[in-house]
Amino acid sequence: MNNQKQQKPTLTGQRFKTRKRDEKERFDPTQFQESIVQGLNQTGTDLEAVAKFLDASGAKLDYRRYAETLFDILVAGGMLAPGGTLSDDMTRTEYCLFTASEDLETMQAYAQVFNKLIRRYKYLEKGFEEEIKKLLLFLKGFTESERNKLAMLTGILLANGNISASILNSLFNENLVKEGVSAAFAVKLFKSWINEKDINSVAASLRKVGMDNRLMELFPANKRSCEHFSKYFTDAGLKELSDFARNQQSIGARKELQKELQEQMLRGETLKDIIAYVREEMKKTSISEQTMIGIVWTSVMSSVEWNKKEELVTEQAIKLLKQYSPLLKAFTSQGLSELTLLLKIQEYCYDNIHFMKAFQKIVVLLYKADVLSEEVILKWYTESHVAKGKSVFLEQMKKFVEWLKNAEEESESEEEEGD
């Protein structure tokens, strides 16, 4: 037993020493850097040759361990110290992104080099994205020309899907924002991104990672307004981006308005106060009545917990809409607003299956409450309905529409007799 106890420390000690030696080798990128720099010096400005060299070198060199070193060299010519300066004691190459020509064609060629490298060695994907995030934080350490090249390259990489739009988070760094570096960089980046794709593709990528509502953060707090953003990017030739940001802000304002309306209803505010609040918001935000009636409808229908039973939900809806019909009436003063409301009701009843049978009863109630006119109901029935649940809802409305038409004919004949 004593022998076994004495052996244990010896074995553990040997293992520990081996690990320590491995650890030392792991963080020594000097030899790796020299190999990459030497290869780039030989291939020069021939980016096809660079791509082939990188492809072949991955079999001999440890890309996984030295990914950051590899990307630093390809972008800046050598390893970067914190802040973005080149490490003095390391070998460098003059053949890198930062020394290349500052034009879109060259940046597209460089994007292809990175694209081929990452497609060949998939494990580099995450490291490459981390590298871009880091480079964006180092922007102040680069020259204006180097920033421009990096911005163009980043825009192309975003368009190609090589990196996620979440990397833009680095641009919201307080120091970069304060000195105007972030906004200037964003101009070049979005120009090259939109040049490769279009604003709809850009918008989809931004939404995917929740960046669509954060673009204002490219500016300091005292300049974080839709007007400033719009002027800055429109003047820079990016009106599409200005329009997108304005639209996003408008969507955000509508969501806030809807939330506030629901809260007022839950608090039991009077209809008079709610109507006054909505009218004030319409003035402040220039929201049209057509848009507002959609917000009001959604707020009303979201203000209660609906019964799960189909036969009870209709009764519940009728009771609620009777209560809020004056609110709906206040924002349907135009025929177009009435039609917008009717289409919202159609979509709502289709999207919420328990309401499929309630459609006709809701429309009749709102007709009796003077919210929906017979002209609009007939217009909806004959030509203006949407496809959602069309056959079901038209069938439900058939008898009521016939009654409306007969009532209209009787009214016309009575007028003729009177004449």
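Of the 419 residues of the protein, 45% count as buried, where buried means under 20% relative accessible area with a 1.4 Å probe and protein chains only. The model is predicted: local features need pLDDT of at least 70, side-chain atom pairs count only at pLDDT 80 or more, and totals for chains, interfaces and linings use all residues. Residues are numbered from 1 along each chain as its sequence is written, and side-chain values use heavy atoms, with hydrogens and water left out.

The protein contains 19 helices and zero strands; helices (H or I) are DSSP runs of at least four residues and strands (E) of at least two, numbered from the N terminus. The radius of gyration, taken over C-alpha atoms, is 32 Å, well over the 22 Å given by the globule rule for 419 residues, so the protein is more spread out than a compact globule. That rule is 2.2 Å times the number of residues to the power 0.38. The C-alpha trace spans about 110 × 75 × 40 Å along its principal axes.

Among contacts (heavy atoms within 4.5 Å) with a separation of 6 or more, 68% are between residues 24 or more positions apart.

Asp72 is found in helix α4, which covers residues 67-76. Asp72 counts as buried because its relative accessibility is 2%. Beyond its neighbours within four places in sequence, Asp72 is in contact with Gly77, Gly78, Met79, Leu80, Glu131 and Lys134.

Note on methods:
Buried < 20%, exposed > 50% of the residue type's maximum accessible area, 1.4 Å probe, protein only.
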